[in-house]
Amino acid sequence: LSCGPCVPRSLLPRHHKCAFLSFQLMHIDILTLFPAIAAAPLAESMIGKAQQRGLVTIQVHNLRDWARDKHRTTDDAPYGGSQGMVMKCEPIFAAVEELKQRWNDECRMTNDKVSATTADSSFDIRHSSFVILMSPGGRRFTQQIAEDNARQSHLILLCGHYEGIDQRVLDHLIDDELSIGDYVLTNGALAAAVVTDAIVRL
């Protein structure tokens, strides 16, 4: 579902609020190798209704769509030569860059619409995106963290898999790293669905 760029209504000046009734409050992109696992629970109950009402847009993307080789490869040997396989950095960098650009473009379009509607060129939606890696090595997810992230207008949740993720992604792309508990899951898509649910219900 997509209902336009997100703007926290509480941040809008009073004379702008009516102009934004058609825009949702938050946009969340989930990057995973298993999109169906994350998408299914988020289409139901309160979260599904929030999307239908245009309060949030949740889009789940297959990371393989940004892999450039014919086999759509997303794993590789670790940078530096350690053992095991990790998620390649190239598809992740390409995906995050494209999703951030889409968000920037939507913000510009909305800013232009506000300027045309209200004759006020001073209003500017925040273009910032916040990138979270779902990983067993991240800090423990809590209600306070959910509340903090609910203030973001654009979240990108990257779901870990294999033995981990290329260190260059951690060094240059990730704003926060979260874990939902001290136990092992098959992949990070399940954790991303939990985090999304906790944030959106607020």
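What is the mean pLDDT of the protein, and what percentage of its residues reach 70 or more? In this predicted model, the mean pLDDT is 83, and 78% of the residues reach 70 or more. Over residues 1–24, pLDDT stays under 50. For this stretch the model has 63 contacts beyond four places in sequence. Where pLDDT is low, the predicted coordinates should not be read in detail.

The packing of two helices was examined. Helix 1 spans residues 35–42 and helix 6 spans residues 188–200. Their axes lie 8 Å apart and form an angle of about 25°. Angles under 35 degrees count as roughly parallel, and helix 1 and helix 6 are therefore roughly parallel to each other. The crossing of the two helices is right-handed. On the side of helix 1, the contact involves Ile 37, Ala 38, Pro 41 and Leu 42. These residues meet Ala 189, Leu 190, Ala 193, Thr 196 and Asp 197 in helix 6. By class, the residues of this contact comprise seven nonpolar, one polar and one charged.

A further site concerns a loop residue. Pro 78 is located in the loop that runs between strand 3 (75–76) and strand 4 (86–87). The relative accessibility of Pro 78 is 14%. Because buried means under 20% relative accessible area, Pro 78 counts as buried.

How values were computed:
Residues are numbered from 1 along each chain as its sequence is written. This is a predicted model: local features need pLDDT of at least 70, side-chain atom pairs count only at pLDDT 80 or more; totals for chains, interfaces and linings use all residues. Side-chain values use heavy atoms; hydrogens and water are left out. Axes are lines fitted to C-alpha atoms, for helices over the stretch in contact, and angles run from 0 to 180 degrees between N-to-C directions. Helices (H or I, at least four residues) and strands (E, at least two) are DSSP runs, numbered from the N terminus. Angles under 35 degrees count as roughly parallel, over 145 as roughly antiparallel, 65 to 115 as roughly perpendicular and the rest as oblique. A crossing is left-handed if the near helix is turned anticlockwise from the far one by less than a right angle, and right-handed if clockwise. Contact means heavy atoms within 4.5 Å. Ala, Val, Leu, Ile, Met, Phe, Trp, Tyr, Cys and Pro count as nonpolar, Asp, Glu, Lys and Arg as charged, and the others, Gly among them, as polar. pLDDT is the predictor's confidence in each residue, from 0 to 100. Buried means under 20% relative accessible area, exposed over 50%, partly exposed in between (1.4 Å probe, protein chains only).
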